[in-house]
Amino acid sequence: MDMNEVSTIYLIRKFNEYYTNLFKNKNFLSCIPPSFNEREWGFIPIRYKRMWRHLSFQNLGEMKKFFLKNTPLHLYYSSAYYEHPDIKKMSEKGWKGADLIFDIDMNIKNDLKYEKMLLLAKDEVIKLYDILKSDFGLNDIQIVFSGGRGYHIHVRDRSVLKLKSEERREMIDYLSANSLNIDNVLKKREVVGDYGIERGYYYGMVDSSWGERVWSSVITFLDEIRNMNENDAIKKIKELKIGKRDKFVKDLSKKDALEMYQMLKKSNIVELMKKDRKITTDKFFKNLVERIVENELNMLPIKNTDNPVTTDIKRLIRLPGSLHGGTGFQAKLVDNIDNFDPLNDAIVFSDENKKIISIVDTDISMKDNKYKIRKDENKLPEFVCLFLICRGLAYLED
Amino acid sequence: MGKETIDHLRSSIDTDIYTIYKYPFLDDARKYIRDSGISFNDLLEGSISTIVDCGRKRVEDALNGKIHEYDNPYLEILSYPVANIILSCINDIGLIKRYAYFESKRVYEELKKEENNFIIKIAAQFGLRLKKDGEKYETYFTDYLNNSRRINDQKWSLVNKKISKGWISLEKEDFVRLIAEKYREIIEDTLPLNIDKEDCSKIINRVGDIITCLKEKDNREKISKIDSDCFPPCIKGIISKTEKGINLSHHERFSLTTFLHKIGVKKDEIIQLFRNMPDFDFEMTRYQVDNIIGESSGTTYRCPSCSTMKTYGICTTERNKDCNNVSNPIKKYKINLDRKYKGIV
Ligand code: SF4
């Protein structure tokens, strides 16, 4: 739906007010990327929805002035640093390096509710942040709520700035562990007549980061079961749908589940796994280990990264602190991801009630409230109105 | 400069040469060349023919797919710049890549046998970060990524490595492979040197047969019947890499093979295309091609979709619309064929 004139003017006024305040705010400086004068800037104006790029600014004053005059619907800068950020031909810009960017975007699971989607995205961000720290030892990492369906991670650690596209792709492959299967993360083979078992199954940890990660989460999982009470443990074991003989059974008998639980509790099998990083077991336990590994391989890697964003070393990325023109939310710099709630913390407009015409029936949760929106006229807080206008779901009456 | 001078050199040689002659690119080797008093002109004029012959042998060996064997230490060191001059004058990217490949392979085999201290020294000269931890060698992940990207082997994927706080732990054998890869890149980046045309003509006279041999290799079978003109940009890109002798990534090999197979190119012709790869190995290539087209496994793989090609960085168009928004390179090929032969636009 094309926006009507009244709504357009309203949007320009509200966005402009926002940027006027933002630019006065001291915190805004933490949103400005380092070497901003070596970056390309771009924006989409509210009225003419076409990307205007190859801008560059020598000082902040110049930049603020420009964007107050041309109110952006979306505001971007390049992850790359250039000799000549304002030259139009990409090949002549003189690429000097680029921040490493990850985009966690949940657009794949579009059957999910928005709030749920954002929660899942947050889990991925936390996993990603942890691995970037522990495995890659990276510093200078910014987490930004995109204002849309996910998060942007900006890494400005000096060691990554020169990485080429294919090297970034290798990092993505690592984080998302796409090419991993059980054989890459677990050593296994059949043994005959060992440890007093007629036919045993040997398992060992693979000496790689993913091997270690999977091995220790198997142990954590087993520890959890051991520490449960009998009923919970039986339920948990049954959920795995493994059999004593068959790898998959619909319904493991209570007796068998109990047997597994008691074995875990009484034997020192978990201790041995911790200590030796290898174990030889019977078929039942083999089925258990393999199922846990399969589950972990689904859980542990980072999902929903939009890979081209990471591998494209000349891409424009939304400026933290700016507004997302598709939602009216702030692309918010996140201080503490654990406590961050986008549907509260990224909302910047007032709760003054306003009359608006909706073209759909829908429910929206924002700021801990659920808003029921009916087709036609509604009275809603300004932040809801702006959200609906940005989404193209509502307009102000002429 | 005459024969006496070489003999003189031989007697004044310091023992160090026996450790460095296999690595003529080292700072010490360069110093040795400088100290030898042999000038660039001496080399160009070919007045010391044994040196020139040895330099030429280096290039020939690469062309014939052989690892260079040593003659004698001083010749090895002195002939290294000669090989660089020859390669620069012939100025064929394919040949340079091939040379770089075999040189690095030679260096890899030698380095495996070296002592730790020597390896540490070379790593430092190449700017490869290294922490020594017991038997293990640890290098920083960006150095690892940078130098391992052309190795087509799952074992080398980051995902199969142990990495902690940015440091990747490697066996000695793998660490020296990284050094060798770095060396290969350095050769490729520095050659061709900028050498005067006139100077080149002098050296070209002495290496004419290399050029003839190179031409013959170039005139290998082209793809018949199929109109390669109509290939989509991604496939053209891969083919032009094979023509230049640039190594292909696993995904590139896979995409090219599935594409060509699908449009009816014969297996042997597909294998022919890979002939120019620096690390071409007939049996290996046949095995891989067989596998992909399903002759050995029974599963025929399909040509990856455009979006997959994009994630692997093979898709070369900026926007889908340049490729008519197709979802698969095969479709783009068919559209191009139609346009060309049926005049459909
Ligand atoms: S859009 Fe498809 S056919 Fe065109 S270059 Fe990319 S991958 Fe190839």
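**View 1. A salt bridge between B:Glu110 and B:Lys22**. In this predicted model, the closest N and O atoms of B:Glu110 and B:Lys22 are 3.5 Å apart. A salt bridge here is a side-chain nitrogen of Lys or Arg within 4 Å of a carboxyl oxygen of Asp or Glu. Across the interface of domain 1 and domain 2 of chain B, 2 salt bridges are found.

**View 2. The interface of domain 1 and domain 2 of chain B**. An automatic or database assignment places domain 1 at 2–91 + 192–216 and domain 2 at 109–187 of chain B. The area buried between them (accessible area, 1.4 Å probe, lost on being put together, summed over both) is about 910 Å², and carbon and sulfur atoms give 59% of it. B:Tyr23, B:Phe25 and B:Leu26 supply 54% of the area that domain 1 buries against domain 2.

**View 3. The disulfide of B:Cys89 and B:Cys200**. The two sulfur atoms lie 2.1 Å apart, where a disulfide requires a pair of cysteine sulfur atoms within 2.5 Å. The torsion about the S-S bond is about -80 degrees, so the disulfide is left-handed. Both cysteines are buried (under 20% relative accessible area, 1.4 Å probe, protein chains only).

**View 4. The cysteine A:Cys390**. A:Cys390 is buried, with a relative accessible area of 12%.

Residues are numbered from 1 along each chain as its sequence is written, and chains are lettered from A in the order in which they are written. Local features need pLDDT of at least 70, side-chain atom pairs count only at pLDDT 80 or more, and interface totals use all residues, while side-chain values use heavy atoms, without hydrogens and water.

Conventions:
Buried means under 20% relative accessible area, exposed over 50%, partly exposed in between (1.4 Å probe, protein chains only). Buried area is the accessible area (1.4 Å probe) that two parts lose on being put together, summed over both.
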